[in-house]
Amino acid sequence: MNPTRLLLVDDHQLILDSMQLLLASIAGIEVVGVENDSRRVADWLARTPVDVLLCDLHMPHLSGIELTLHLRRSHPDLKVLLLTMAEDAPTIREAVRAGVAGYILKSACRTELEKAVTTVMTGQRYFSPAVMDQLTCLAEMTNGAVNPLTALTEREVDVLRLIADENPTHLIADKLFISVPTVETHRRHLMQKLGVKSVVGMVKFAMKHGLVS
C-alpha cells in the first residue's frame, strides 16, 4: 500500500520542525513537504501529489478555514486536517461548514495524530474528543446520542451542503466531479442516516447544524 502523502503547513518554524519529526516516525505517512506561508500551498499542490493537508488554524494571510474553502473546488479529494488550540463551538462550527476532514487539538498525542490521518483517508472525518463534546452540544441533543453530523462522510457533507443550497443534481455532480448516479446514491444514504424522507428534511438538518446560513 502506498504511503499517505502529507503536506504540513504552519507559520511557526518550530512547530513545523517538531511535527515533521513526529510524523516521520509514523509508518504509512510520508511528509512530502512543509510550508510556512499558506499562500504558497496552491503552488505545492500544483506540482506535488498530496493526500492530506495538515495545517494550523490561525495563520497570517489565509487561515486554515480560509485555505480549506479556497482549495475545495480545485482539489475535491484533498483531506484537510486542522491543527489548533481552539476548541470553542463557533470556530468548530465554522470549520465543519468549510468542509474540513478533521479537527485536531495541538495537545493530541502521536497515537491520536496517526488515528486522525488513517480515519480521514478512509473517507470518514475525525474530531478530537474535546471537539466531539462541543459538536454534541451544538446539536442540542437531550438524549445523549452522538451528533449525527459526525456519522456522515466528508463527501456526504459536501453533497448535503449543496442540496441545502438548492443546487440541482447535475450541478452537484459537476461541482464535486462525480456522476449523477453517484449523487443520487449519496442522497439516499443521507436520507437513511439522517432519518428524513425528503429534501426538505435534509435542508432542515443542514440549517440546524450550521452547514448553510
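Tutor: Strand β5, which covers residues 102–105, pairs with β6 in the parallel sense, and two bridges join them. Across this pairing, Y103 has F127 of β6 standing opposite. The coordinates come from a predicted model, and that should be kept in mind throughout.

β5 also pairs with β4, again in the parallel sense, here over four bridges. In this pairing the residue opposite L105 of β5 is T84, which belongs to strand β4, residues 79–84. T84 is buried, its relative accessible area being 1%. Leaving out residues up to four places away in sequence, T84 touches Y103, I104, L105 and K106, and also D56, L57 and H58.

Strands of a sheet pair through backbone hydrogen bonds, and the sense may be parallel or antiparallel. In this model β5 is part of an open sheet of six strands with parallel pairing, and the order across the sheet is β2-β1-β3-β4-β5-β6. The edges are taken by β2 (29–35) and β6 (126–127), and because each of these has a single partner strand, one side of each is left without a neighbour in the sheet.

The side chains of β5 come next. In a regular strand the side chains alternate between the two faces of the sheet. From β5, G102 and I104 point one way, while Y103 and L105 point the other way, and all of them are buried.

As for L160, its contacts, not counting residues up to four places away in sequence, are L152, L190, L194, M202, F205, A206 and L211.

Just after α4, G99 takes a positive phi of about 100°.

D165 lies in the loop between α7 and α8 (169–176), and it is partly exposed, with a relative accessible area of 44%. Although D165 and V212 are 47 residues apart in sequence, their C-alpha atoms are 7.1 Å apart in space. Elsewhere, the charged end of R47 sits over the ring of W44, at 4.7 Å from the centre of that ring.

Finally, a word on confidence. The chain has an average pLDDT of 84, and 90% of its residues score at least 70. Among the elements of the chain, strand β1 (residues 4–9) has the highest mean pLDDT, 94, whereas helix α6 (residues 129–139) has the lowest, 64. Over residues 140–144 the pLDDT is below 50, and this stretch has four contacts in the model beyond near neighbours in sequence.

To return to the part you asked about, β5 has β4 as a partner over four bridges and β6 as a partner over two, and its residues G102, Y103, I104 and L105 are all buried.

Note on methods: Residues numbered from 1 in each chain as written. Predicted model: local features only at pLDDT ≥ 70, side-chain atom pairs only at ≥ 80, totals over all residues. Heavy atoms only, no water. Lys NZ or Arg CZ within 6 Å of the ring centre and 35° of its normal. pLDDT = per-residue confidence, 0-100. Contact = heavy atoms within 4.5 Å. Pairing = 2+ DSSP bridges. Buried < 20%, exposed > 50% of the residue type's maximum accessible area, 1.4 Å probe, protein only.
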